[in-house]
Amino acid sequence: MTIGVLALQGDVREHSEVLASLGEVCRPVRTPDDLPGLRGMVLPGGESTTLSMLLESSGLFDPLAGALRGGLAVLGTCAGMILLATRVVDGRPDQRHFGLIDLTVRRNGYGRQEASFECPIAVASLGDPPVPAVFIRAPLVEEAGPGVEVLATLPSGPRVGGEDHRRRGGGDGTPVLCRQGRVLVAAFHPELTTDRRVHRLFVEMTKTEA
Amino acid sequence: MTVKRGLADMLRGGVIMDVVDAEQAKVAEDAGAVAVMALERVPSDIRRDGGVARMSDPAMIQGIQAAVTVPVMAKARIGHFAEAQVLAALGVDYIDESEVLTPADEAHHIDKWAFDIPFVCGATSLGEALRRISEGAALIRSKGEAGTGNVVEAVRHLRSILGDVRRITQADSAELYAWAKELAAPIDLVRQIAATGRLPVPLFCAGGIATPADASLVMQLGAEAVFVGSGIFKSADPVRRASAIVEATAHYADADLVAKVSAGLGEAMPGEEIGSLEVHLADRGW
């Protein structure tokens with residue numbers, strides 16, 4: 001069984017390489033014909049407005065939404081998190097999203113590129129050491145519903161890059177890694193580092209029954 | 001550096017469009033641009049008007065930042081680190097140290113390590129690309145010949161850069177020193193190419209892209225995203241052409257789709273023969 005990586009725009013290659021290094025077979029997904037036979041799906045980082053438009057024009061949006069509602073396990077990072085959230089703030093009015101995890105997410109909520117940063121994130125369920133996390137014009141989780149399991153929050157420690165005074169939002173305790181049922185989302189980019197634990201967690205999710 | 005180059009990774013597979021005002025920026029975003037490049041005159045107008053081309057008016061850049069939610073890039077002159085400082089103060093998401101503007105320094109490019117904001121630089125060859133990366137560029141684009149609507153120079157640059165990358169992967173460890181010498185580039189970066197088979201940062205295409213098929217061509221040659229300058233807003237129907245180029249870039253290997261989006265787009269921007277040009281912008285920078 002194969003894991004699909006949405007391959008319309010964004011850092012598709014990084015996700016595919018991480019999954020391949022974990023021994024998984026990956027398939028780039030560009031049209032509805034690419035969907036059958038998947039046991040998991042990755043929505044990569046990219047521009048969520050562009051991705052939303054290309055999902056629509058490729059005819060992929062509705063069949064993919066159906067597959068996800070039917071229990072296809074999914075990992076969304078950054079733009080992928082926006083596409084999976086139930087409520088998106090500061091998006092385009094015509095921007096479509098799947099609405100599968102009960103989060104309110106503000107696009108670019110941490111600020112522009114000058115506010116992008118890197119810091120270690122403690123994830124209790126993944127153990128020590130903390131997961132290195134890269135945030136790039138990241139979406140900010142403003143609210144997580146009661147059914148959402150918050151796996152990690154922003155720590156108070158030091159951050160590399162992204163001067164704190166330029167940050168528009170995102171204080172200690174902001175959720176950055178969340179799960180609800182078969183949906184796993186990260187505001188950061190685990191695919192840009194060599195730590196594979198977030199992807200490993202997702203691969204485990206794809207192996208359990210829906 | 002992961003934070004700096006990461007933004008370029010997120011732009012891959014997308015189209016970055018030159019825009020001169022908030023209205024064009026909205027058109028670009030509506031069409032699915034992954035980012036916009038804010039500048040006062042597109043390259044074909046700079047070419048026509050002549051004179052010294054400088055960084056754009058900060059008020060104009062701020063107007064565009066307010067109009068769109070996608071990343072906003074802006075251009076500084078080669079070597080003009082004070083213009084780059086101004087652009088960083090404005091909070092632009094990317095700075096293009098660009099040969100389209102008149103160079104401010106004939107020997108030195110900007111020390112890009114001194115900035116938190118990532119830089120993109122143009123290159124015509126692998127040596128030039130590696131020198132820019134050694135100065136801190138987080139993204140390389142082909143120079144092409146901006147403002148001509150003629151893709152031939154961009155193709156030359158992509159083939160030169162990627163052809164040398166492929167040759168380096170075949171070299172033995174002793175030959176890598178000769179490559180570093182020939183390219184006038186740091187040995188560490190040459191070794192990195194030998195080990196990974198890739199440029200150390202993403203490679204995008206710029207210069208002369210005017211049609212969806214142009215975008216498909218350069219993506220198939222190995223570019224990871226495209227910049228379109230004059231090609232959209234100097235064409236007969238910018239709205240349709242912009243979205244057609246976005247589709248053709250995302251689905252570059254699907255000729256049926258490129259054919260479909262190319263149909264009935266109206267006139268492309270007027271093109272120019274490279275031999276007839278008075279100024280070769282790609283010769284700027286070293």
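The largest cavity holds about 200 Å³ of space, a volume being the space filled by probe spheres set on grid points that are joined across faces, edges and corners. A cavity here is a set of points, on a 1 Å grid over the protein atoms alone, where a 1.4 Å probe fits but cannot get out, and its lining residues have an atom within 4 Å of a point. This is a predicted model, in which local features need pLDDT of at least 70 and side-chain atom pairs count only at pLDDT 80 or more, while totals for chains, interfaces and linings use all residues. Residues are numbered from 1 along each chain as its sequence is written, chains are lettered from A and ligands numbered from 1 in the order in which they are written, and side-chain values use heavy atoms, with hydrogens and water left out.

The lining of the largest cavity comprises 22 residues, and B:Asp18, B:Ala146, B:Ala206, B:Gly207 and B:Gly229 lie nearest its centre. Strand E8 (226-228) and helix H11 (230-233) of chain B are the elements that give two or more residues to this lining; helices (H or I, at least four residues) and strands (E, at least two) are DSSP runs, numbered from the N terminus. By class, the lining has nine nonpolar, seven polar and six charged residues, where Ala, Val, Leu, Ile, Met, Phe, Trp, Tyr, Cys and Pro count as nonpolar, Asp, Glu, Lys and Arg as charged, and the others, Gly among them, as polar.

Across the whole structure, the search finds three cavities of 30 Å³ or more.

Turning to the interface, the contact (heavy atoms within 4.5 Å) takes 36 residues from chain A and 35 residues from chain B. In chain A, the residues A:Arg13, A:Arg112 and A:Gln113 lose the most area to chain B, together 21% of what that side buries; buried area is the accessible area (1.4 Å probe) that two parts lose on being put together, summed over both. Seven salt bridges are counted between the two chains, each a side-chain nitrogen of Lys or Arg within 4 Å of a carboxyl oxygen of Asp or Glu. One of them joins B:Asp93 to A:Arg112, with the closest N and O atoms 3.7 Å apart.

Notes
1 Å grid on protein atoms, 1.4 Å probe; cavity = no way out; pocket = protein on both sides within 12 Å on 5 of 7 lines; lining within 4 Å.
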